[in-house]
Amino acid sequence: MKVLKFGGSSMGSAESIKKVYNIISDNNEVVHVVVSALGGTTDLLINAARKSAAGSDYSGLLEELYSRHVNTAEELQSGLQKSLLNCFDEKIGLLSNLLKGIELTGELSERSMNIVTGVGEQLSACILHALISGSVLFDSREYIKTVRNGSKNVVDFEITGKLLEGVKKKSSDINIWPGFISRDVNGDDTTLGRGGSDYTAAILAAAFDARILEIWTDVDGFMSGDPRVIRRAYSIEHLTYAEALELSHFGAKVIYPPTIIPVLRKGIPVLIKNTFNPDFSGTLIDNNSSDEKQVIKGVSSIRNIALITLHGSGLVGITGISKRFFSSLAGENINVILISQASSESSITVAVNDEEAENAVKALEYEFEREIRYREVTGITVEKEMAVVAIVGEGMKHTSGMAGRLFRSIGANGINLYAIAQGASELNISFVIKERHLRKALNIIHESFFLTNYRILNIFLSGIGTVGANLLQKIESHSEELMAKERVVLRLVGVSNSKKMIFDEEGLLPAGIPENIGKGEDSSPDKFTEKILELNFANSVFVDCTASADVAAVYEKLLNGNVSVVTANKIASSSSYDSYKKLKDISRINGVKYLFETNVGAGLPLISTINNMVNSGDSIIRIVAVLSGTLNFIVDELGKGNLLSEIIREAMEKGYSEPDPRIDLSGTDVLRKILILVRESGYKIEQEDILKDPFVPEKYLNTANVKEFLEMVRELDEPFAKKIRELNEQKKRLRYVASFEEGKARTGFMVVDSESPLYNLESSNNMVLLWSKYYNEHPMVIKGYGAGADVTAAGVFADIIRVANV
């Protein structure tokens, strides 16, 4: 024999009641079925009661109640059974008389409200009884008896148990019970309160020694987290009673904690099933805690929390403080959700519902009035707009490091903890955070403990020009390989260009960005940043593939918001030293990444190599580097006897140079790059500290436009050709380099002989020579293609992966 309970959503319409009928009919054993009212009925009844007490017209609500139940019944069976119509007429007639009495007296007593709110379950039970031929309808009030305990009605299990012993003689294969309702020993109607229908089912299951209690609802069981907040939440296959109680206490609304106590005491399993997905296995709750593969079973939360702290030196070592504290709150019927006390006994902190905070403070101020007056208690502080988060799992007691792992993942994403509680049973770890961080915290925890095979990065890309477009291609083409080899998932959540931005919390398809970006909302760096911070996703990474100063200006705000920054834009890192250092410091303090490997040498591992050398105790003494692929292409072609003006035109045609070649020839880009390398080597340096010798004299750079420049630069063809001929005769070559030595940096031409590694550097390749404490006699040489959208995008992609691998 088993007990089945169907909630309001399962009994919400004729269509759903048909599903209930099919589920019941599929059983081949004796079943006792407990039903809730049709969805929304209880609220309607409460509204009608309040209207009647206020003298307002409630007749429309009664008509709605009657017509809804009649219409539902007619959809289920053509032609209503006389017995069902009699049930409707009787129950709603009695309700109508009661409401008239309430209206006349203007008084809505607890007894009257109990009668009113219990009508819904009686009506739904009548409908199911009429639908299932041969079923027996029981009136729960005749069997479930309550007694008064303070301000509440509680079940008298001794009397209830004796009354239920006689049910077997009257029962059939299918037995229908209205949930929620009961009656006290004086014969007055009572109710079982919140979760009352679940409680009815549990009482019956325990009394009948049922094989199992099935609770049918509109979800697939207990979820690993709230699916409205956690995108990848999944159904939990198995829970112990203790785990289910903890998750329910901290906000999981599948069952109400006290309702399963009767079956817990009897060791009767509880199965949570979905009426609308009956083939799904659901969640089994029992006492079996062995062979559990999942250490943490679920994460749950409660919103609208206030944190109240009583603190003062007068609390230390004084017996009875805690008793007085909690007695004063109990006297006001204030529910304490979480307790945290300093080991020094100098403070006690509790979490309560927001709406109870004011009364809680008044109760504590009254109780500790003398201590406050004599400053033994220095204050009672209240922090609102908080939330409690709990991770639950019996496996924690056998697994070390769970708390460390939890708090490390939370802290790394910039979420502060205001109170922490963990019982000696190690069944759960609870903590309090700001409610605005709840979504982020839940997703961080869920990823850390439930999706441990993968690390998810939420990517926000600014700039979809040549580098950005190449990066999108790499994200699309390498995603599966990245998941398989690195266990990293890149979710492209937002993309912006100079005009528009688009977002998708589930992830944008890279291939669709060029087509869809124009359909997005208006964008600016500030708007894009605000949206990123508003979403507040865990493991967020902002990727800058622009050359915009306005985009670089938002880095500080993003890093302060615990968003990692990966950038190919060298403006921020080559700005003032104080700004550069500030960004580095913020990223370090907040535990996020500020990575800009592609600022120098595109995809070459220059900055990371210098970082590794410095972090290992080495120190950079000297740097000589060819850092411009464009300028090296020009000098390489000059060495072959080609004319400067023609080479510049060729560089423009091949895309090696900027559309305005004067930008490259000014040497400013090279200056910024050596500035960054020197700073990363540990030296404080500004742009104005670097001696800059441009590739061509300033007068050529100051021409009115590119056309004029290309004409005027012909004047340099012969001087450069002459210089190259002289060097060729000496078996030497010209290179445009950036260098740093003895605390000074410069950019300009350098003549090298065949002994120099720079001698054979060809085309648009880069090369960096590093002398250090460890690499003194022979420099470390890093060489490779240092320009181009593809290699730059590859470098940006590599930096993104570095964020995932921290």
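**Reading the model**

Guide: At 6% relative accessibility, serine 197 counts as buried; the term means under 20% relative accessible area, against over 50% for exposed and partly exposed in between, with a 1.4 Å probe and protein chains only. This is a predicted model, in which local features need pLDDT of at least 70 and side-chain atom pairs count only at pLDDT 80 or more, while totals for chains, interfaces and linings use all residues. Residues are numbered from 1 along each chain as its sequence is written, and side-chain values use heavy atoms, with hydrogens and water left out.

Visitor: Where is the place of serine 197, and with which residues is serine 197 in contact?

Guide: Helices (H or I, at least four residues) and strands (E, at least two) are DSSP runs numbered from the N terminus. Serine 197 belongs to helix H9, residues 196–207. Contact means heavy atoms within 4.5 Å. Apart from neighbours within four places in sequence, serine 197 touches Lys5, Val34, Val35, Ser36, Glu121, Gly179 and Phe180.

Visitor: Is alanine 412 buried or partly exposed?

Guide: Alanine 412 is partly exposed, at a relative accessible area of 36%. Its place is the loop between helix H15 (402–411) and strand S17 (419–422). Beyond neighbours within four places in sequence, alanine 412 is in contact with Asn562, Asn590, Gly591 and Val592.

Visitor: How many aromatic pairs does the structure hold?

Guide: Rings of Phe, Tyr and Trp (its six-membered ring) pair if their centres lie within 6.5 Å; planes under 30 degrees apart count as stacked, over 60 as edge-to-face and the rest as tilted. The structure holds 22 such pairs. One of them joins tyrosine 66 and phenylalanine 88 edge-to-face, at 6.5 Å centre to centre and 75 degrees between the planes. This pair links distant parts of the chain, 22 residues apart: tyrosine 66 is in helix H3 (residues 59–76) and phenylalanine 88 in helix H4 (residues 82–105). Tyrosine 66 is partly exposed at 30% relative accessible area, whereas phenylalanine 88 is buried at 0%. A tilted pair is formed by tyrosine 577 and tyrosine 580, at 5.7 Å centre to centre and 45 degrees between the planes. These two tyrosines are three residues apart in helix H22 (residues 577–590), so about one helical turn separates them. Both tyrosine 577 and tyrosine 580 are buried.

Visitor: Which charged end sits over the ring of tyrosine 580?

Guide: A charge sits over a ring if NZ of Lys or CZ of Arg is within 6 Å of the ring centre and within 35 degrees of the ring normal. For tyrosine 580 the charge is that of arginine 679, 5.2 Å from the ring centre. Likewise, arginine 622 lies over the face of tryptophan 771, at 4.2 Å from the ring centre.

Visitor: At what angle do H3 and helix H6 pack?

Guide: Axes are lines fitted to C-alpha atoms, for helices over the stretch in contact, and angles run from 0 to 180 degrees between N-to-C directions. H3 and helix H6 (residues 119–131) pack at about 15 degrees, with axes 11 Å apart. H3 is therefore roughly parallel to H6, since angles under 35 degrees count as roughly parallel, over 145 as roughly antiparallel, 65 to 115 as roughly perpendicular and the rest as oblique. In this packing, Leu65, His69 and Leu76 of H3 meet Leu123, Ile127 and Leu131 of H6.
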